[in-house]
Amino acid sequence: MKKTLLVPTDFSNNSMAAAKYASKLAIERDYSIHLIHYYTTASSSFPSEELSKEFENSAILKADLTILEFEKKLQEEFPSVYYTHRTSRGLLKENLPLEAKKEGYEAIVMGTKGLGDSKSELWGSNTSSIASKSPIPVLAIPGYYNVFKTGRIALLTNFKEDELHTLNEFIDTFGEINALDLIHVYQESEQEATVIQKIEAWKSRIFQQLSLENINYYIDKEQKDKEDLDTVPEVIHKLVEQHAPDIVLITKSRKSFFKRLFYPSVSKAVVLDINKPSYFSKVSL
């Protein structure tokens, strides 16, 4: 049975970018794609004056018509991909994780922002909520991102066993990793030489478990003495910007660390803004 990518859409440009990325992955790995749109009562129907005579007496919803057009655009650009679609009443962040529990889904591919997300938010509220509780991996795609590359993968690491599961999950979805970058942020109290010893040992462990040979690492410490660069998320953002991996892998097992990336304190409204596709593992929190 062909595996399926679950692609939610709100018909925004961001969700189209994610759907196109998913389509390229589907071609690469022979997946099908299931498009899904969740609507509320207020968004479900056309005003009567917008309906043509063909539809004015029908029960077809605005969402049904729009998702057909959305799928048509994708099918024209990616004719070899098999698409299905469904619309359903409800809230995305509540219903998508339930849909993802159904058999046959390989991963969720979605935009980092949607129509309902404020321009001031670096990560969309739906995306961060779903990534934090999805039973399958989530791949979050920036709205402007139109490149499909998987040559260099970055793993946010704290030398935990669950990160090996994340790597295995990613390989199952995307195929073999050609080059892996380990990104680690350490505390000011730690000595750099000690951190390097740890990361070298972790490189060896990854090689033993997964036979990955092309492994590099980039480390930096929290710099609390600098007002503009004083949190783990900000240092990660800097390292990702500097070294430009194609995809960033994030393991969800360390709940406190994961929350630090997405839920800022009231006093400092800073969240992690990775300008690359980001893959969130399905490991339970």
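The model is predicted: local features require pLDDT of at least 70, side-chain atom pairs count only at pLDDT 80 or more, and totals for chains, interfaces and linings use all residues. Residues are numbered from 1 along each chain as its sequence is written, and side-chain values use heavy atoms, with hydrogens and water left out. The buried residues of helix 4 (residues 92–100) are Leu96, Pro97, Glu99 and Ala100. Their directions, seen down the helix axis, fall within an arc of 160°, so they line one face of the helix. The arc is taken over the directions from the helix axis to the C-beta atoms. Buried means under 20% relative accessible area, exposed over 50%, and partly exposed in between (1.4 Å probe, protein chains only). Helices (H or I, at least four residues) and strands (E, at least two) are DSSP runs, numbered from the N terminus.

**Helix 7 (residues 192–210) has 19 residues and reaches 26 Å from its first C-alpha to its last.** This is close to the 27 Å expected at 1.5 Å a residue, where the expected span is 1.5 Å times one less than the number of residues. Val195, Ile199, Trp202, Ile206 and Leu210 are the buried residues of helix 7. They fall within an arc of 55° seen down the axis, so they line one face of the helix. An α-helix has 3.6 residues a turn, so residues three or four places apart point the same way. The buried residues of helix 7 pack against helix 6, strand 7 (179–186) and strand 8 (215–221). Exposed Ala193, Gln197 and Gln208 are carried on the face of helix 7 turned away from its buried side.

**Ser211 and Ala244 have positive phi, although neither is a glycine.** Ser211 sits in the loop between helix 7 and strand 8, with a phi of about 60°. Its relative accessibility is 54%, so Ser211 counts as exposed. Ala244 belongs to the loop between helix 8 (232–243) and strand 9 (247–250), and its phi is about 50°. Ala244 is partly exposed, because its relative accessible area is 40%. Most residues other than glycine have a negative phi.

**The largest nonpolar core holds 45 residues.** A nonpolar core is a set of buried Ala, Val, Leu, Ile, Met, Phe, Trp, Tyr and Cys residues joined through side-chain atoms within 4.5 Å. Leu5, Ile33, Leu180, Ile206 and Ile247 touch the most other members. Helix 1 (residues 13–29) gives this core its largest share, seven residues. Domain 1 (2–139) and domain 2 (150–275) each supply at least three residues; these bounds come from an automatic or database domain assignment. A second, separate core has 25 residues, including Ile36, Ile108, Ile130 and Val240. Residues up to four places away in sequence aside, Ile206 touches Leu164, Leu167, Leu180, Leu182, Ser211, Leu212 and Ile215, where contact means heavy atoms within 4.5 Å.

**Phe170 and Tyr279 form an edge-to-face aromatic pair.** Rings of Phe, Tyr and Trp (its six-membered ring) pair if their centres lie within 6.5 Å; planes under 30 degrees apart count as stacked, over 60 as edge-to-face and the rest as tilted. By this rule there are six aromatic pairs. In the pair of Phe170 and Tyr279, the ring centres are 5.2 Å apart and the planes stand at 90°. Phe170 lies in helix 6 (residues 162–174) and Tyr279 in strand 10 (residues 278–280), so the pair ties together parts 109 residues apart in sequence. Phe170 is buried at 1% relative accessibility, and Tyr279 is buried at 1%. Tyr21, Tyr145 and Phe148 form one aromatic cluster.

**Ala107 lies in strand 4 (residues 105–111), and Ser281 in the segment after strand 10.** Ala107 is buried, with a relative accessible area of 3%. Leaving aside neighbours within four places in sequence, Ala107 is in contact with Thr4, Leu5, Leu6, Ile136, Pro137 and Thr173. Ser281 is buried at 0% relative accessibility. Not counting residues up to four places away in sequence, Ser281 touches Pro137, Thr166, Glu169, Ile250, Thr251 and Lys252.
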